[in-house]
Amino acid sequence: MTPYTAVNSVKGGYIGGEMVQQVFFAHGSAGISRIDHKNLRELAQSLVHNTANYELNVVGHASKRVNGVKDPIEKKMINFRMAQKRANAVTSALVKAGVT
């Protein structure tokens with residue numbers, strides 16, 4: 001199997017000698033698109049088959065835009081929950097694809 005190559009909305013590259021992958025989400029969504037599921041499966045298989053020892057960190061982010069909410073604390077909590085949902089969605093997809 002060849003090492004993973006990022007395509008479409010999964011953006012990849014190296015920062016400080018570490019491979020970095022990004023998955024982009026629609027505003028207000030934690031849903032992973034079909035192509036992103038495919039890309040995450042390919043990433044997982046590449047890690048499992050081409051890397052003897054790896055460490056994987058999944059970090060979720062959300063934009064600061066929260067429509068219709070004026071309270072700054074509530075906005076931060078909404079963004080925190082969305083970031084957590086996104087990180088959980090990516091983690092679940094990777095685990096389902098064989099990453100341990």
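Modeller: A residue is buried under 20% relative accessible area, exposed over 50%, and partly exposed in between (1.4 Å probe, protein chains only). By that scale Glu42 is partly exposed, at 32%, and Glu42 is the residue to look at here. This is a predicted model, where local features need pLDDT of at least 70 and side-chain atom pairs count only at pLDDT 80 or more, while totals for chains, interfaces and linings use all residues. Residues are numbered from 1 along each chain as its sequence is written, and side-chain values use heavy atoms, with hydrogens and water left out.

Glu42 forms a salt bridge with Lys38; the term asks for a side-chain nitrogen of Lys or Arg within 4 Å of a carboxyl oxygen of Asp or Glu. In this pair the closest N and O atoms are 2.5 Å apart. The count for the model by this rule is one salt bridge. Both residues belong to helix α1 (residues 34-50), and because they are four residues apart there, about one helical turn separates Glu42 from Lys38. Lys38 is partly exposed as well, with 34% relative accessibility.

The protein has two helices and two strands, taken from DSSP runs (H or I, at least four residues, for helices; E, at least two, for strands) and numbered from the N terminus. Their order from the N terminus is β-β-α-α.

Helix α2 (residues 72-96) holds Met77, which is partly exposed at 38%. Leaving out residues up to four places away in sequence, Asn79 touches Ala62, Ser63, Lys64, Arg65 and Val66, where a contact means heavy atoms within 4.5 Å.

For the whole protein, 24% of the 100 residues count as buried. The protein exposes about 7200 Å², and carbon and sulfur atoms supply 55% of that; areas come from the Shrake-Rupley method with a 1.4 Å probe, and for residues only the protein chains shown count as cover. Of the contacts between residues at least 6 apart in sequence, 60% join residues at least 24 apart.
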